[in-house]
Amino acid sequence: NTHHLRLGTEWRKENWSFRGGLYWADSPYKEKVNNAERWSASIGSGYRTDKFFIDFTYVFSYSQSDYYLYLTENVQPNPVNNTFMTHQVLVTTGLRF
């Protein structure tokens with residue numbers, strides 16, 4: 001089983017919205033030999049009217065894992081240490097009819 005935790009908030013002032021959030025996902029590996037835990041944080045803002053909206057978001061994600069290519073009782077290799085960091089900028093826009 002994996003566990004996911006998401007926390008977020010949104011604040012509004014007139015036509016503007018301001019958002020922030022955190023995300024955590026547990027490793028999906030049963031034996032916990034290969035860890036794949038992941039963290040993300042996001043911030044964003046948006047502007048809305050009756051006919052138009054636009055949203056801007058920045059997301060940072062981080063995960064670090066020790067990967068063992070072949071792991072048996074007789075072979076104990078050194079792990080490959082992987083670190084993954086992603087930065088995303090998202091823009092969403094639309095018109096309402």
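A contact means heavy atoms within 4.5 Å. The model is predicted.

Q: Which residues does Ser-65 touch, not counting residues up to four places away in sequence?
A: By that rule, Ser-65 is in contact with Asn-35, Val-80, Asn-81, Asn-82 and Phe-84, with residues up to four places away in sequence not counted. Ser-65 itself is part of strand E4, residues 52-67.

Q: Why does Ser-65 count as buried?
A: Buried means under 20% relative accessible area. Ser-65 has 13% relative accessibility, so it counts as buried.

Q: What makes E3 and E4 a pair?
A: Two strands pair if there are at least two bridges between them. E3 and E4 have eleven, in the antiparallel sense. Among the bridge partners are Ile-43 with Tyr-58 in E4, and Gly-44 with Thr-57 in E4. The two strands E3 and E4 form a hairpin, with three residues between them.

Q: How many bridges join strand E2 to strand E3?
A: Ten bridges join E2 (residues 16-25) to E3 (residues 38-48). The cut-off is at least two, so these strands pair. They run antiparallel. One of the bridges has Gly-21 partnered with Ser-42 in E3.

Q: What makes E1 and E5 the edge strands?
A: The open sheet has five strands in the order E1-E2-E3-E4-E5, with antiparallel pairing. Strand E1 (4-13) and strand E5 (80-95) each pair on one side only, and they are the edge strands. From one strand to the next, the twist averages 10°.

Definitions and conventions:
Residues are numbered from 1 along each chain as its sequence is written. This is a predicted model: local features need pLDDT of at least 70, side-chain atom pairs count only at pLDDT 80 or more; totals for chains, interfaces and linings use all residues. Side-chain values use heavy atoms; hydrogens and water are left out. Helices (H or I, at least four residues) and strands (E, at least two) are DSSP runs, numbered from the N terminus. Buried means under 20% relative accessible area, exposed over 50%, partly exposed in between (1.4 Å probe, protein chains only). Axes are lines fitted to C-alpha atoms, for helices over the stretch in contact, and angles run from 0 to 180 degrees between N-to-C directions.
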